[in-house]
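Please read it with the sequence and the coordinates at hand.

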Protein chains: 2
Amino acid sequence: MHASVSPATGADTVATDVDTVATDLGVVMKQLLVSSSRDFFAAVEQAGFTFTQVKCLHLLGDAAEPRPLNALSETLGLSGPAISRAVDGLVQRGEVKRTEDPRDRRSKLLTLSPRGRRTIDHFVAIRFAGIKRFVEGLTDDEREALGAGVSPLARRLES
Amino acid sequence: MHASVSPATGADTVATDVDTVATDLGVVMKQLLVSSSRDFFAAVEQAGFTFTQVKCLHLLGDAAEPRPLNALSETLGLSGPAISRAVDGLVQRGEVKRTEDPRDRRSKLLTLSPRGRRTIDHFVAIRFAGIKRFVEGLTDDEREALGAGVSPLARRLES
DNA sequence: TATTGTTATACTCTATAACTATA
DNA sequence: TATAGTTATAGAGTATAACAATA
């Protein structure tokens, strides 16, 4: 028998207690990760970047101001030398610009170059394509319900 | 002005074209990954497993039948020696049982031990706790809409 | 001969320690 | 002295190549 009266959507209501939603969300997330990660990982390897380097690029891309090396080190939870090597490779490839901080010449300020920006855009596009492929595999009803579920969260979460 | 008539939920309808849903889904997934990955990574490191070993455990946990080493190698996309070393560590720790295949003595069959099963359950519980924490941070309306969106997908996706 | 798995060796990435330059 | 970053060295983890056992 039906658990409750159906709303105007015409569909039966579903259990939406915390545990049920968390469980279902986990199932969807797992599948989505598979869909969206494969091409992304392949692209990073193809381009010859390490994941640490990709994280550095993303961090610098999100930053409004030039960042010193130790800021990346702390945010990513990696040692100074590890970041130093990763960034050095990015500088040599022209993805990142590294300049002395005139106010403290011990510090080096890092900024994304136009090439680095294009690199990020490339990786973001690949990620998005994977997610889009997942959404395209849904029925119209599934997509509409999912959109109604994630839209308000996206509005609130996105910076 | 309003894009269309509001349904019985009392909320405005939202755009649910593929690109919009994919974009919003990406935002939510990103936040969810942050919420659910931190403790998981810490737990894996704390327990002294490599991520390859955790993947091996999950794979053996999902398998109905004992699996030979090269099956893990192919599924995970890693070299035979890498899997051999990872599995060897799991065998020494009593997480996995490794026996000769009586029908082909070149092959070794791998199965999860009861201890390995407990290890997986532990990691799954930590993952779930992270997702649950995310869901608990939602308002009732947000949680109900999200549940309605992911529930039908979970029904269809889960094995 | 071909295949399954292991051992030998080299490479990459990271961490700790030592070092340089600046504050 | 303390701090930012780099260089030196050692430890994981992986891949390719060489090997052993079985088919």
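This is a predicted model: local features need pLDDT of at least 70, side-chain atom pairs count only at pLDDT 80 or more; totals for chains, interfaces and linings use all residues.

Helix α1 of chain B covers residues 18-47 and helix α5 of chain B covers residues 114-136, and their axes come within 9 Å and cross at roughly 150°. Axes here are lines fitted to C-alpha atoms, for helices over the stretch in contact, and the angles run from 0 to 180 degrees between N-to-C directions; helices (H or I, at least four residues) and strands (E, at least two) are DSSP runs numbered from the N terminus. The two helices are therefore roughly antiparallel to each other, on a scale where angles under 35 degrees count as roughly parallel, over 145 as roughly antiparallel, 65 to 115 as roughly perpendicular and the rest as oblique.

On the α1(B) side the contact (heavy atoms within 4.5 Å) involves residues including B:Val28, B:Leu32, B:Phe40 and B:Val44, while α5(B) contributes, among others, B:Phe123, B:Ile126, B:Ile131 and B:Phe134. The residues of this contact divide into 10 nonpolar, five polar and three charged, where Ala, Val, Leu, Ile, Met, Phe, Trp, Tyr, Cys and Pro count as nonpolar, Asp, Glu, Lys and Arg as charged, and the others, Gly among them, as polar.

Helix α1(B) also packs against helix α5 (residues 114-136) of chain A, at an angle of about 120° and with the axes 9 Å apart. That angle makes α5(A) oblique to α1(B), and the crossing is right-handed. Among the residues that meet are A:Phe128, A:Ile131 and A:Val135 in α5(A) and B:Val21, B:Leu25 and B:Met29 in α1(B). This contact divides into nine nonpolar, two polar and three charged residues.

As for numbering, residues are counted from 1 along each chain as its sequence is written, and chains are lettered from A and ligands numbered from 1 in the order in which they are written. Local features need pLDDT of at least 70 and side-chain atom pairs count only at pLDDT 80 or more, whereas totals for chains, interfaces and linings use all residues, and side-chain values use heavy atoms, with hydrogens and water left out.

Turning to charge pairing, a search of the whole structure finds 20 salt bridges over all chains, a salt bridge being a side-chain nitrogen of Lys or Arg within 4 Å of a carboxyl oxygen of Asp or Glu. Three of them are listed here.

| Pair | N to O distance |
|---|---|
| A:Asp19 and B:Lys132 | 3.0 Å |
| A:Arg143 and A:Asp140 | 3.0 Å |
| A:Glu142 and B:Arg156 | 2.8 Å |

The salt bridge of A:Asp19 with B:Lys132 crosses between chains, from helix α1 (residues 18-47) of chain A to helix α5 of chain B. A:Asp19 is partly exposed, with a relative accessible area of 36%, and B:Lys132 is likewise partly exposed, at 25%; buried means under 20% relative accessible area, exposed over 50% and partly exposed in between, with a 1.4 Å probe and protein chains only.

A:Arg143 and A:Asp140 are three residues apart in helix α6 (residues 140-157) of chain A, and are therefore separated by about one helical turn. A:Arg143 counts as buried at 13% relative accessibility, whereas A:Asp140 is partly exposed at 49%.

The salt bridge of A:Glu142 with B:Arg156 also crosses between chains, joining helix α6 of chain A to helix α6 (residues 140-157) of chain B. A:Glu142 is buried at 10% relative accessibility, and B:Arg156 is partly exposed at 44%. Salt bridges that share partners join A:Asp24, B:Arg155 and B:Glu158 into one network.

Elsewhere in chain B, helix α3 (residues 69-76) has B:Ala71, B:Leu72 and B:Ser73 buried, and its buried residues pack against α2 (51-62), β1 (67-68), α4 (80-92) and β3 (104-112) of chain B. Just after α3(B), B:Gly77 takes a positive phi of about 70°.

Strand β3 of chain B holds B:Ser107, which is buried with a relative accessible area of 18%. Not counting residues up to four places away in sequence, B:Ser107 touches B:Pro68, B:Thr99, B:Glu100 and B:Asp101.

Technical notes:
A crossing is left-handed if the near helix is turned anticlockwise from the far one by less than a right angle, and right-handed if clockwise.
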